[in-house]
Amino acid sequence: MRIALDPQMLRTTPLLELPDVVASMGYEWIELSPREDLVPFFKHPRIDTATVRAFKSRLADAGVGITSVLPVMRWSGPGEVERQAAVRYWKRALEICVELGVDTMNSEFNGRPEAPELAEAMFWRSMEELLPLFEREGVKLALEPHPDDFIELGHPAIDMVRGIDSPCVSFLYCLPHTFHQGDDAPGIIAHAGDLLTHVHVADSMDHRASDGLRYITNPPGNTTRVHQHMEIGRGDVDFDEAFAALAGIGFDGVLTTCVFGWDEQAREAGTRMLQAIRELVTKHFPDTPLP
């Protein structure tokens, strides 16, 4: 089992300095989420081959590995122009992943929830183009349902992953999305079984609490999805329940710290999360050694 850091709160740290910062926080692994100087949200990657190689060298010097690269692209639409562009961007992101020597990419289904059939059709079209490239390069793909995607619920997302029917494709469970994907961490984790290879770890408040008045957005009845990525213990996610379920399926994948929104506490929060995750692993996986 590996514990990684999503360095979103360190996004202003120069890329070539990032490995040393991550190592100083006690992490041996990093998950490369979107950032403007690497692979931005919904855009073509901005990094060149020379910088990729320099970054790889800095990672080796710092003793930090990359568990995964996480592009977020409009590969499920809303339109064909966006989909085709997203496929081109994915191909370049895959090249970067291979150059870095990374064997996994994570992503979201994307697409519009109010037009799920159209989004699914576009998703499959994109997969028809991209899946042979993943298989050829030996790179795995872990997919997660996300609030406001065409698939938001955990159980249907697992069924979609199973329907792709490729040993390259697996499921990612995001704990801070618990209340948007069915509020059934044990059931979703059990349903995923061996398909679950990656977990994003952060807390979130239950937006449905207090008769739906935990958050007030206007106008009433709008479709805004509200959630946070907070440190463990600041929200309503039941981590003991979730980690017990992970132990129940013999989970041996990646746990990524993904706390957002407290940039001024980026290093301190990351260090505290590492300790909290280690305690949960020690409690629920007593036979699993951790560095």
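Histidine 146 lies in the loop between strand 5 (140-144) and helix 5 (154-164); helices (H or I, at least four residues) and strands (E, at least two) are DSSP runs, numbered from the N terminus. This is a predicted model, where local features need pLDDT of at least 70 and side-chain atom pairs count only at pLDDT 80 or more, while totals for chains, interfaces and linings use all residues. Residues are numbered from 1 along each chain as its sequence is written, and side-chain values use heavy atoms, with hydrogens and water left out.

**Around histidine 146**

- Is histidine 146 buried or exposed? Histidine 146 has 17% relative accessibility, so it counts as buried (under 20% relative accessible area; exposed is over 50% and partly exposed in between, with a 1.4 Å probe and protein chains only).
- Leaving aside residues up to four places away in sequence, histidine 146 touches Glu108, Ile151, Glu152, His177 and His227 (contact means heavy atoms within 4.5 Å).

**Aromatic rings**

- You can find eight aromatic pairs in the structure (rings of Phe, Tyr and Trp, its six-membered ring, with centres within 6.5 Å; planes under 30 degrees apart are stacked, over 60 edge-to-face and the rest tilted).
- Tryptophan 90 and phenylalanine 134 have ring centres 5.8 Å apart and planes at 70°, so this pair is edge-to-face.
- Because tryptophan 90 is in helix 3 (residues 80-100) and phenylalanine 134 in helix 4 (residues 116-137), the pair ties together parts that are 44 residues apart in sequence.
- Both tryptophan 90 and phenylalanine 134 are buried, and one aromatic cluster includes them along with Trp75, Phe109, Phe123, Trp124 and Phe150.
- The charged end of arginine 74 sits over the ring of phenylalanine 42, 3.7 Å from its centre (CZ of Arg or NZ of Lys within 6 Å of the ring centre and within 35 degrees of the ring normal).

**Helix 9 and its surroundings**

- The buried residues of helix 9 (residues 266-284) include Ala266, Ala269, Gly270, Met273 and Leu274.
- Among the elements that cover the buried residues of helix 9 are strand 1 (2-5), strand 7 (196-201), helix 8 (239-248) and strand 8 (254-257).

**A cavity**

- How many cavities of 30 Å³ or more does a search of the whole structure find? The search finds one (on a 1 Å grid over the protein atoms alone, a cavity is a set of points where a 1.4 Å probe fits but cannot get out; lining residues have an atom within 4 Å of a point).
- The largest cavity has a volume of about 70 Å³, and its lining includes Leu5, Met25 and Thr257.
- Helix 9 gives the largest share of that lining, three residues.

Methods. Expected span 1.5 Å × (residues − 1). 1 Å grid on protein atoms, 1.4 Å probe; cavity = no way out; pocket = protein on both sides within 12 Å on 5 of 7 lines; lining within 4 Å. Points joined across faces, edges and corners; volume = space filled by probe spheres on them.
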